[in-house]
Amino acid sequence: MSSNLPINTPQDITAPTPQNTPLTHAPISTALSRPTVPDISEDAEPAEEPTSNVHEAVFGLVQGKLAGLIGRSSGYVESLPDGAKKTIEALKGVQVKQNDLQNQYKRECLELEKKYLELTKPLYARRHALIHATAEPTAEELEAGAAQAVKDDPDVQPLTIPESTSPTAVPEFWHTVLRNHIGLSDLITDRDATALKHLIDLRIEYLPSSEPKPGFKLIFQFSPNEYFENDILEKTYVYREEVGYSGDFVYDRAIGTEIRWKDEKDLTKEFEIKKQRNKNTNRTRLVRKAHPTESFFNFFSPPVAPSEEAIEAGEIDEDELDELEEKLELDYQIGEDIKEKVIPRAIDYFTGKALEYEMLSDEEDFDDDDDDDDADGFDDDDSDEDDLPPPRRGGPGLRGRGRGGPPANVDPDECKQQ
């Protein structure tokens, strides 16, 4: 089984880009640190526990009251004169035109992504040939690779390989790439590793413009193996037809290939043998039961968002809805990371270079400054959810679309020209 490669952080490293930002282990969630109520006692006097409890209780009540007011009219707009109300309706009409332009802009950005993917495909084909040793590296490629290695680390020792050495295939290339991605490594179990050694290529295709909704497809190509019959496994991500409230595409749903598992080789299930006794005859028999288990291949059976009607009718428990929304958002971000990071920079994940940028980004974005926190009156919240970056595209936004509010997507992404 391949493991993450050790990393030697260079002294002079290029600043991270949006394509190099890391994926965290937890689902997507953005939250602010909770403000505290300052104690009016002297600095030398320790705060009494009962007072602190009262402050927390009062804060909780106020926060709950304010949360209940979100989305409700204050009555201000209704109190305006008729002339002002007429102007407001006109402003809404102007906003509609702005939204139409934003839709057009995002569609054109997507077409630009498609254009540059087509220009990149010959390079991907060349990469595939080198990985599997069906082509020999050129002198130009070797020289460019050596120059980049020196740029990354001026102290690097140049390769001293005889020119007569024949190139060989890189063993477990894509398996190692996936294991060296922070989020994907958590999904891959030891049982999955044997199957992923047969992963020979990972590609992306955009949905054709003739489709009613835009999106993209991740294509995993496998060599013959003992686990499943498929040689291709696909994961398709579909965006909603209109951009979201923040001005970016929002995910609508994901569709995965049905894996044709060979007998007793389903990696998404664990099998248990139980003994059953017949009450009448007292005879026993062995029963084989399957139980779902964690596996990377669950990625191809994505969670399904409930219908808007079910959400509005309150048919789904709040905790269940929270859990489902987290799973959906994590699934969407994994797909976006494979599209934006793993496929374009596969060699960087294989060597571990990509992880240097992710760790650097963690250090720059999440350094704690205790003095500043105290001065601003904010306490650190140990919750992991506070340290999570937003996804590159909007998540499913179950509550937003099911309850009449704007979709719970994220800040708009810049038009990527790859």
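Author: Let us begin with the second largest pocket, which has a volume of about 590 Å³, a volume being the space filled by probe spheres set on grid points that are joined across faces, edges and corners. This is a predicted model, in which local features need pLDDT of at least 70 and side-chain atom pairs count only at pLDDT 80 or more, while totals for chains, interfaces and linings use all residues. Residues are numbered from 1 along each chain as its sequence is written, and side-chain values use heavy atoms, with hydrogens and water left out.

Reader: What makes a set of points a pocket, and which residues are closest to the centre of this one?

Author: On a 1 Å grid over the protein atoms alone, a pocket is an open set with protein on both sides within 12 Å along at least five of seven lines, whereas a cavity is a set where a 1.4 Å probe fits but cannot get out; lining residues have an atom within 4 Å of a point. Of the 21 lining residues here, Leu187, Ser295, Asn298, Lys327 and Leu330 are the closest to the centre. The helix α9 gives the most to this lining, with 6 residues, where helices (H or I, at least four residues) and strands (E, at least two) are DSSP runs numbered from the N terminus.

Reader: Why are β1 and β4 said to stand at the edges of the sheet?

Author: The open sheet has 4 strands in the order β1-β2-β3-β4, with antiparallel pairing, and two strands pair if DSSP finds at least two bridges between them. β1 (199–206) and β4 (251–256) each have a single partner strand, so one side of each is left without a neighbour in the sheet. β1 and β2 (residues 215–222) are paired over 7 bridges, and isoleucine 204 stands opposite leucine 218 in β2.

Reader: Why is the pair of phenylalanine 220 and phenylalanine 296 called edge-to-face?

Author: Rings of Phe, Tyr and Trp (its six-membered ring) pair if their centres lie within 6.5 Å, and planes under 30 degrees apart count as stacked, over 60 as edge-to-face and the rest as tilted. By this rule there are 22 aromatic pairs. Phenylalanine 220 and phenylalanine 296 lie 6.2 Å centre to centre with 65° between the planes, and therefore form an edge-to-face pair. The pair links distant parts of the chain, 76 residues apart.
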